[in-house]
Amino acid sequence: MNKYLDYSIAYAQQRSYLDDLFSIYPTIPEGLRDIDHSIWIQIEDSFKDRNNEKLIKNLLKLDLFPIKDSYVAYLRRDPSSVKRNPRTINRLAGRIYDLGLDKLYERCSEPKETNRKIGPLFNNWIESGSLGIQPQPLSIFENTTNDSILSASDAEKALFAKKHLNYHKDKGLDFLARFNGKYVIGEAKFLTDFGGHQNAQFEDAISTITQPNLQAVSVAILDGVLYIKGKNKLYKRVTSYFQNENIMSALVLREFLYSL
C-alpha cells in the first residue's frame, strides 16, 4: 500500500483527525437565507387560498425549494411547464400544505449546505502558506526552478498543466506545484458521506491520478469517510484497486511533497 495512504488511514483512526481537519475545512454554516418579503407575502396568500399553481410558481422564485423532488429542476428551467402539468403541481402542493406555513418558511430559509461551500476552503488553506511555501503567481512560478506552488484559478492551473504536463481533462485543478524539480498536480475533495454526489467526487479525483502519460506526479488529496475502516465501498476501493496510487489526506500532503 502507498505509505501516504497508509499514513492517512492511521491518522484518521488514531489521532484527532476531525479536529485537525477543521483547520483546512472550517465548515461553519452560513446564516439563514434571505427571503424576499414581497415574494413571501405572495406565497402566504396562495398557501391560504390553496391556489396550487400560484404557490408553486412563487416558491420556484426562491433560491431553495422547500421539498426535494426530482421534478422541481425541470419546472425551474421551463416555467411554462407549471401550467401544462396540473397533476404534478397538485402533488407538490399537497406535500407543501402538509408542512404548514411555519415549517415552510423554515425550509425555504435554511442555510446553504456546507458541502457545497467546501471547494474554496482547500485553496484558502494552501494560500495561507500552511505547506511552508507561499504560493506564487504564474509569472514567478514558471520562471523559477525552486520549490513553488502556483497561485491561480483552477482553470489557469489546468491550462498550465495542459500546456506543459500533458494533462487532458476538461476541468480545473485544485493543486499545482513543483518540488525537487518534479511537477505535482492534484484534486482535493472532502467526502462528507457515502453515495451520490460524494461518489462522483471520488471518481473525479481518481480519474485525475490515473490519467495516462502525465508528465507530473499526480495526487488525490482526499479526506473524510473513505478512511473509515470497514465494509464501506470507498475504503475497500482505495485499499484494493487503488492502494498503490498517491491517495492521501491533506494532513499528510506536506510530508509527501518534501519527500519528493
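How are H3 and H7 oriented to each other? In this predicted model, H3 and H7 are roughly antiparallel to each other, a label given to angles over 145 degrees. The axes of helix H3 (residues 37–49) and helix H7 (residues 86–108) come within 11 Å and cross at roughly 150 degrees. Axes here are lines fitted to C-alpha atoms, for helices over the stretch in contact, and angles run from 0 to 180 degrees between N-to-C directions. Helices (H or I, at least four residues) and strands (E, at least two) are DSSP runs, numbered from the N terminus.

H3 passes H7 in a left-handed crossing, that is, the near helix is turned anticlockwise from the far one by less than a right angle. On the H3 side, the contact (heavy atoms within 4.5 Å) is made by Trp40, Ile43, Glu44, Ser46, Phe47 and Lys48, and on the H7 side by Ile96, Tyr97, Gly100, Leu101, Leu104 and Tyr105. Sorted by class, this contact has eight nonpolar, two polar and two charged residues.

H3 also packs against helix H4 (residues 52–59), at an angle of about 155 degrees and with the axes 8 Å apart. H3 is therefore roughly antiparallel to H4, and the crossing is left-handed. Ile39, Gln42, Ile43, Ser46 and Phe47 of H3 meet Lys54, Leu55, Asn58 and Leu59 of H4. Five nonpolar, three polar and one charged residues make up this contact.

Two individual residues round out the picture. Ala161 sits in helix H10 (residues 154–164) and, because its relative accessibility is 0%, counts as buried (under 20% relative accessible area, with a 1.4 Å probe and protein chains only). Beyond its neighbours within four places in sequence, Ala161 contacts Asn166, Tyr167, Leu173 and Leu176. Asp20 is 141 residues from Ala161 along the chain, and their C-alpha atoms are separated by 31 Å.

Thr210, by contrast, belongs to the loop between helix H11 (196–209) and strand S4 (217–224). With 38% relative accessibility, Thr210 counts as partly exposed. A polar atom of the Thr210 side chain lies 2.8 Å from the backbone oxygen of Ile206. Not counting residues up to four places away in sequence, Thr210 touches Phe242 and Glu245. Thr192 is 18 residues from Thr210 in sequence and 23 Å from Thr210 in space, C-alpha to C-alpha.

Residues are numbered from 1 along each chain as its sequence is written, and side-chain values use heavy atoms, with hydrogens and water left out. Because the model is predicted, local features need pLDDT of at least 70 and side-chain atom pairs count only at pLDDT 80 or more, while totals for chains, interfaces and linings use all residues.

Key: Parallel < 35°, antiparallel > 145°, perpendicular 65-115°, else oblique. Nonpolar A, V, L, I, M, F, W, Y, C, P; charged D, E, K, R; others polar. Buried < 20%, exposed > 50% of the residue type's maximum accessible area, 1.4 Å probe, protein only. Polar contact = N/O pair within 3.5 Å; in protein donor to acceptor, adjacent residues only side chain to side chain.
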